Amino acid sequence: MYNPYKYTAVLAFLSVACWRQAHAAGDSVPVTSTCDSGLTRCSNVCLITKYSNDNCGRCNRKCRDTEVCISGRCQSFSQSCMDGASWSSYEHKCVCSTKTPYVTFLRDKASVNFEPPTYPKGLIHNVDGWKAAGSAGSGCAIYDEGVAASGYSKFGQQSFRISNAVTSGCFGDQAFAKPIAGSVGETGATADVFPVGVKRKNFLMQFDIRSAVPNAQQPGLFISVSPDRGDGSRMSYLGFSDTANGLEVIFYDVEGKTNPANFVSEVIATGLDRSKAHRIRLTLQVKDGPSNDVVKVYINCNLVKVGTSWENYYRYDTESHAEQSVRIVKTVLFRSGGTAAPGTSGNGFFFDNLIYGAY
Ligand SMILES: [Ca+2]
C-alpha cells in the first residue's frame, strides 16, 4: 500500500541533509569543474545569466532594485506589471489593484479564503480537501499551523497561519492545499498515485502573506511555499523569512543538468513591511524536454524574477532515483522545514486570498 510518509521521509532525509550543507548560507552549490552547456560561471557558481538579477547577461551586471533580468537584459518593473496592476510614476513601481484578486484565465482552479463555515478554526487537515496530517498528529511532527483569526481586515475573519516553531525533514505530512481536478506537467511528467485529469502546461499560485506579529521581528521565522504534486514533489520554491529589516523572499531554481543538482538561490525581495500584506504570484510554464521551463515571480504586482523550475533536479539528481522524472503539479505546499524557531509558536505568517490552478 502506498505510504506517503514513508516514501517522502526517505526523500526528505536525503534532501534536507544535502540542503543544509549546500544551502546553509543561502548560497548555491559551489562548482569546481566546468559548467554545463548554456551556463556561465560567476563567482564560482554556474548559472543562467539570462535569468540572474545579479549577473544579467554577464557576470556581475546587477539589475537595479526596480528592474528584473529578462532574457539577459535588465528591464524596468514598469514594463512588467502583473495584470490588474498599474504603473505608479510616483512610486516607480507597479501598484496592485485594491480589489480582491480574481485571476480570470485559470481553467482549472481553486480559491481559498479560509472563512467559516467551510473552514472552522483549528486544524486544516481534511478540511475542504486540504491535507496536513502532521499537525493533526499522524505524521513526522505536530506542526504549528491551522486556520486562525488574523485580526487583519483585508484577510476577512480568518487566515491560514503557519510558523516554523516545529519543523521536520518530511514532506507528505505538511500542509497541502486542496488539489485541482487536473494537473500541470510535461508530456512525460509522472503522477504517482495522484490523478492526472486534464493536463495543462501552465500553473499559477497567488496569495497574500503578512506577519502574524506585525510590529516586531520574529527571529528565525522561515516558511517555504511551492507548487507541488501533493507529496513534496516541488517544482519550484519560494522562501519567506523575517529579518531585522523586514520580510525577505528567496527563490531557488535548478540550473544545469548536474548531479547533484545545481540549486541556485536568489534573494528577490528584502525589507518588505511586515505590518502589511504582500501579494505573491508564481507562474510555472512547463515545456517538454529539459532546461526549458519558465518560472516568473511577482511581488506586489511587480515581476521581480524570471527563472526556471526544478525539472532538472528530478531528471538528473540521483537523490530522485526512486522516480527519476519530472512531476505533475496539482497543489500548493506550505512547508515548515530546516532549523526550527520555537519562539514563533502561535505566530509565524498568515496566508490568505489563495488562488491557484492550471491554464
Ligand atoms: Ca521542461
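Where is the place of Pro 260? Look in the loop between strand 16 (246-254) and strand 17 (263-272), and you will find Pro 260 there. Strands, here and below, are DSSP runs of E with at least two residues, numbered from the N terminus.

Before going on, a word on what you are looking at. This is a predicted model, in which local features need pLDDT of at least 70, side-chain atom pairs count only at pLDDT 80 or more, and totals for chains, interfaces and linings use all residues. Residues are numbered from 1 along each chain as its sequence is written.

Back to Pro 260: a cis peptide bond joins this residue to Asn 259, with omega about 0°. Another cis peptide bond links Pro 116 and Pro 117, and its omega is about 5°. To find Pro 117, go to the loop that runs between strand 7 (108-112) and strand 8 (145-149).

Now turn to phi. Asn 44 is not a glycine, yet its phi is positive, near 65°. This residue sits in the loop between strand 1 (40-42) and strand 2 (45-47). Asn 44 counts as exposed because it has 11 C-beta neighbours inside 10 Å; a residue is exposed if 12 or fewer other C-beta atoms, placed from the backbone, lie within 10 Å of its own.

Ser 71 also has a positive phi, about 55°, without being a glycine. With 10 C-beta neighbours inside 10 Å, Ser 71 counts as exposed.

Definitions and conventions:
Helix = DSSP H or I, 4+ residues; strand = E, 2+ residues; numbered from the N terminus. Buried ≥ 20, exposed ≤ 12 C-beta atoms within 10 Å, placed from the backbone.
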